[in-house]
Amino acid sequence: RPDGEDDESFPSEHAAQCTAAAIIIEREYPGKIGASAYALAAAVSLSRVAGRKHHPLDVAAGALIGCAGVWGAAQFNSRLSGWRSLPDDLEALSKV
């Protein structure tokens with residue numbers, strides 16, 4: 001870590017989690033709410049660098065891990081949804 005606390009700063013878990021959350025929020029609530037989520041994720045990530053808890057590369061790597069995690073989960077979910085789809089008559093009942 002830049003502050004010398006320890007040598008375990010790579011990658012930034014804060015950046016990974018905030019970026020992943022921002023992507024999910026933006027997909028569910030596009031527009032101002034989604035943009036606010038990205039702004040908050042950026043602010044948290046930049047505060048980790050400003051607070052000397054992470055190097056910029058730690059934060060960038062964390063953000064990429066967050067993106068990859070959401071992408072992987074979306075791919076898994078889309079494959080699982082197709083695999084476990086309900087028959088039409090049961091799907092109609094699930095909407096009641």
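Colleague: Which residues does S45 touch, not counting residues up to four places away in sequence?

Modeller: This is a predicted model, where local features need pLDDT of at least 70, side-chain atom pairs count only at pLDDT 80 or more, and totals for chains, interfaces and linings use all residues. Residues are numbered from 1 along each chain as its sequence is written, and side-chain values use heavy atoms, leaving out hydrogens and water. S45 lies in helix 2, helices being DSSP runs of H or I, at least four residues, numbered from the N terminus. With contact meaning heavy atoms within 4.5 Å and those sequence neighbours not counted, S45 touches A15 and V59.

Colleague: Is S45 buried or exposed?

Modeller: Buried means under 20% relative accessible area and exposed over 50%, with partly exposed in between (1.4 Å probe, protein chains only). The relative accessible area of S45 is 8%, so S45 is buried.

Colleague: What arc do the buried residues of helix 2 cover around the axis?

Modeller: These residues are G34, A37, A41, S45 and R48. They lie on the same side of helix 2, because their arc, taken from the directions from the helix axis to the C-beta atoms, is only 65°.

Colleague: Are helix 1 and helix 2 roughly parallel or roughly antiparallel?

Modeller: The axes of helix 1 (residues 13-28) and helix 2 come within 8 Å and cross at roughly 175°. Axes are lines fitted to C-alpha atoms over the stretch in contact, with angles from 0 to 180 degrees between N-to-C directions. Angles under 35 degrees count as roughly parallel, over 145 as roughly antiparallel, 65 to 115 as roughly perpendicular and the rest as oblique. The two helices are therefore roughly antiparallel.
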